[in-house]
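Welcome! Please take a moment to look over the sequence and the 3D view before reading on.

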Amino acid sequence: MITKPVFDFLKALEKNNNREWFAENKDVFIKHQSIIKDFAALLMENLNKHDEIEKLKVFRIYRDVRFSKDKTPYKPHFSISFTRSGAKLRGGYYVQIKPGDSFIATGFWNPNSEDLLRIRKEFEIDASELRDIIEEDLFKNTWGNIVGDAVKTSPKGFDKNHPNIDLIKRKQYIFIKKFSDKEVLSKDFSTTIDSSFKTIRPFFNLMSSILTTNLNGESLVD
């Protein structure tokens, strides 16, 4: 479980985001980081019951301030990512734990140019299967609408009046689900996350199929 003291520490860190305070509370941080690592391991164990996870990452709390206007040295949140394994499986999962701003996310954050073009070409031909998936009631109630960055009008080489331009112009294909602090501190939170991640699978199955075949449906992987 995520405990209230974890939230208390993060709230205090946000108010005292400096190296002196953090050094004085380093032992407390290590204790709560251990809780997050155990929580991440539980999530990965659950995910591997119905998916294949190649990599688990608990992100460092230290911020890279070299190119940022915000020079505070620490992130006032914990975050975890899971990468699906193998050339045939694409996409990943993300979890953020922060008082007042906890959420899970999944999908495709920044597809490389080759993958992005392949996705756009698929939706130029037909996006009906994707629309059926993301408009299904359980999916919609769990994840809401697709989000992420998009070009303003249309990518080069695509008709801005195409009926699927809303999907074609996207640069990211992401779904986000937010949680209240009460939900995060619930003993059932890990189960709720896993159930939500299970719901995304039809989307992942479709996108993995697209990204591992050419436009003729021929496999690009062994």
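What you are looking at is a predicted model. The chain contains 10 helices and 5 strands, and 43% of its 222 residues count as buried.

**The chain as a whole**

- Along the principal axes, the C-alpha atoms fill a box of roughly 60 × 40 × 35 Å.
- Take the contacts between residues at least 6 apart in sequence: 68% of them join residues at least 24 apart.

**The sheet**

- The 5 strands make an open sheet, ordered S1-S2-S3-S4-S5, with antiparallel pairing.
- Strand S1 (53-58) and strand S5 (173-179) are at the edges with a single partner strand each, so one side of each has no neighbour in the sheet.
- From one strand to the next, the twist averages 15 degrees.

**Strand S3 and its partners**

- Strand S2 (residues 78-84) is joined to S3 by 6 bridges, and the two run antiparallel. In this pair, Phe78 stands opposite Ile97 of S3.
- On the S4 side, 5 bridges join S3 (residues 92-97) to strand S4 (residues 102-108), again in an antiparallel arrangement.
- S3 is mostly covered, with 6 of its 6 residues buried. Gly92, Tyr94 and Gln96 lie on one face, while Tyr93, Val95 and Ile97 lie on the other, and both faces are covered.

**The nonpolar core**

- The largest nonpolar core has 54 residues, and those with the most contacts inside it are Ile2, Phe82, Val95, Phe123, Tyr173 and Phe203.
- Helix H3 (residues 26-47) supplies the largest share of this core, 7 residues.
- Neighbours within four places in sequence aside, Phe82 is in contact with Ala40, Leu43, Met44, Leu47, Ile53, Lys55, Leu56, Gly92, Tyr93 and Val95.

**Helices H1 and H3**

- Two packed helices are described by the angle and the distance between their axes.
- The axes of helix H1 (residues 4-15) and H3 come within 10 Å and cross at roughly 130 degrees.
- H1 and H3 are therefore oblique to each other, and their crossing is left-handed.
- On the H1 side the contact is made by Pro5, Val6 and Phe9, and on the H3 side by Val28, Phe29, His32, Ile35 and Ile36.

**Helices H4 and H10**

- Helix H4 (residues 113-125) and helix H10 (residues 201-211) have axes that come within 9 Å and cross at roughly 105 degrees.
- H4 is therefore roughly perpendicular to H10.
- To find where these helices meet, look for Asp115, Arg118, Ile119, Glu122 and Phe123 in H4, and for Met207, Ile210 and Leu211 in H10.
- Phe123 of H4 meets H10 here and is also among the residues with the most contacts inside the largest nonpolar core.

Terms used: Residues are numbered from 1 along each chain as its sequence is written. This is a predicted model: local features need pLDDT of at least 70, side-chain atom pairs count only at pLDDT 80 or more; totals for chains, interfaces and linings use all residues. Side-chain values use heavy atoms; hydrogens and water are left out. A nonpolar core is a set of buried Ala, Val, Leu, Ile, Met, Phe, Trp, Tyr and Cys residues joined through side-chain atoms within 4.5 Å. Buried means under 20% relative accessible area, exposed over 50%, partly exposed in between (1.4 Å probe, protein chains only). Helices (H or I, at least four residues) and strands (E, at least two) are DSSP runs, numbered from the N terminus. Contact means heavy atoms within 4.5 Å. Two strands pair if DSSP finds at least two bridges between them. Axes are lines fitted to C-alpha atoms, for helices over the stretch in contact, and angles run from 0 to 180 degrees between N-to-C directions. Angles under 35 degrees count as roughly parallel, over 145 as roughly antiparallel, 65 to 115 as roughly perpendicular and the rest as oblique. A crossing is left-handed if the near helix is turned anticlockwise from the far one by less than a right angle, and right-handed if clockwise.
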